[in-house]
Amino acid sequence: SPGGEQLVNLPTWLWLGRGWSTETSTAAVPGVSVTVTATPETVRWNMGDGTIVSCAGAGSPSAAVCTHTYRRSSATQPGAAYPALATVVWRARWAVTGASGGGDLGTIERTTAFDVRVAERQTVNHPPH
C-alpha cells in the first residue's frame with residue numbers, strides 16, 4: 001500500500017493505527033465494584049466510493065490483511081479525495097463484584113472520518129528497438 005495517495009487498481013491496505021485492544025473501566029463503592037469491558041468485534045470501512053469493507057481485526061501496516069481496491073481516481077470528488085469512514089463496533093459487558101448482576105450491554109459504535117486521495121497512473125509500453 002503506497003503511503004500518501006493511493007493508486008487505482010492496486011490494493012489499499014486498511015488498519016487501525018492504535019491496534020486492537022480491550023478497554024476496561026471500574027467504579028467502586030465500599031463492598032461493591034462494577035466493571036465494564038468493551039471488546040472490539042469488527043471494523044467497518046466506508047471507503048467513500050460506495051464500497052463498505054468489514055474486517056474482523058485491526059488490520060496490519062505490514063500485511064495485506066484487510067484491503068480495498070479503488071477502481072476510479074478521486075480527482076472528480078470534492079477536495080479531490082474520497083470521504084471515508086472507519087467504524088469500530090465494540091461489544092460491551094458489565095460485571096459486579098460484591099453483589100449480584102452483570103451481563104451484556106450490546107454494541108457501541110465509534111466512527112472516525114478521513115479522506116483518501118486516489119491517483120491514476122498511466123503507463124506506456126514501447127516495443128523493443
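# Rings, a disulfide and a pocket

User: Tyr70 and Tyr82: buried or exposed?
Analyst: This is a predicted model. Buried means under 20% relative accessible area, and exposed means over 50%. Both Tyr70 and Tyr82 count as buried.

User: How many aromatic pairs does the structure hold?
Analyst: Rings of Phe, Tyr and Trp pair if their centres lie within 6.5 Å. The number of aromatic pairs in the structure is two.

User: What geometry does the aromatic pair of Trp45 and Phe114 have?
Analyst: The two ring centres are 6.1 Å apart, and the planes stand at 80°. Planes over 60 degrees apart count as edge-to-face. The pair of Trp45 and Phe114 is therefore edge-to-face.

User: How many residues apart in sequence are the parts that Trp45 and Phe114 tie together?
Analyst: Trp45 sits in strand β4 and Phe114 in strand β8. The pair therefore ties together parts whose separation in sequence is 69 residues.

User: What kind of pair do the rings of Tyr70 and Tyr82 form?
Analyst: Their centres lie 5.1 Å apart, with the planes at 10°. Planes under 30 degrees apart count as stacked. The pair of Tyr70 and Tyr82 is therefore stacked.

User: Which parts does the pair of Tyr70 and Tyr82 tie together?
Analyst: The two residues are twelve apart in sequence. Tyr82 lies in strand β7. Tyr70 lies in the loop between β6 and β7, so the pair ties that loop to strand β7.

User: Which residues form the disulfide, and where do they lie?
Analyst: The structure holds one disulfide. Its sulfur atoms are 1.6 Å apart, and the partners are Cys55 and Cys66. The pair links distant parts of the chain, eleven residues apart. Cys55 is in strand β5, and Cys66 is in the loop between β5 and β6.

User: What is the handedness of the disulfide of Cys55 and Cys66?
Analyst: Both cysteines are buried. The torsion about their S-S bond is about 50°, so the disulfide is right-handed.

User: What is the volume of the largest pocket, and which residues are closest to its centre?
Analyst: The largest pocket has a volume of about 330 Å³. It is lined by 15 residues. The closest to its centre are Leu16, Arg18, Gly19, Val88 and Trp90.

User: Which strands each supply at least two residues of the lining of the largest pocket, and how do the residues divide?
Analyst: The strands are β4, β7 and β8. The lining residues divide into eight nonpolar, four polar and three charged.

User: With which side chain does Arg91 make a polar contact?
Analyst: Arg91 lies in strand β7. Its relative accessible area is 19%, so Arg91 is buried. At 3.1 Å, the side chain of Arg91 makes a polar contact with that of Asp104.

User: How far apart in space are Ser100 and Thr69?
Analyst: Ser100 is in the loop between β7 and β8. Its relative accessible area is 73%, so Ser100 is exposed. Ser100 and Thr69 are 31 residues apart in sequence, and their C-alpha to C-alpha distance is 50 Å.

User: What is the phi of Asn9?
Analyst: Asn9 is in the loop between β1 and β2. Its relative accessible area is 47%, so Asn9 is partly exposed. Its phi is positive, in a residue other than glycine, near 70°.

Conventions:
Residues are numbered from 1 along each chain as its sequence is written. Side-chain values use heavy atoms; hydrogens and water are left out. On a 1 Å grid over the protein atoms alone, a cavity is a set of points where a 1.4 Å probe fits but cannot get out, and a pocket is an open set with protein on both sides within 12 Å along at least five of seven lines; lining residues have an atom within 4 Å of a point. Grid points are joined across faces, edges and corners, and a volume is the space filled by probe spheres set on the points. Helices (H or I, at least four residues) and strands (E, at least two) are DSSP runs, numbered from the N terminus. Ala, Val, Leu, Ile, Met, Phe, Trp, Tyr, Cys and Pro count as nonpolar, Asp, Glu, Lys and Arg as charged, and the others, Gly among them, as polar. Rings of Phe, Tyr and Trp (its six-membered ring) pair if their centres lie within 6.5 Å; planes under 30 degrees apart count as stacked, over 60 as edge-to-face and the rest as tilted. Buried means under 20% relative accessible area, exposed over 50%, partly exposed in between (1.4 Å probe, protein chains only). A disulfide is a pair of cysteine sulfur atoms within 2.5 Å. A polar contact is a pair of N or O atoms within 3.5 Å; within protein, one must be able to donate a hydrogen and the other to accept it, and residues adjacent in sequence count only if both atoms are side-chain atoms.
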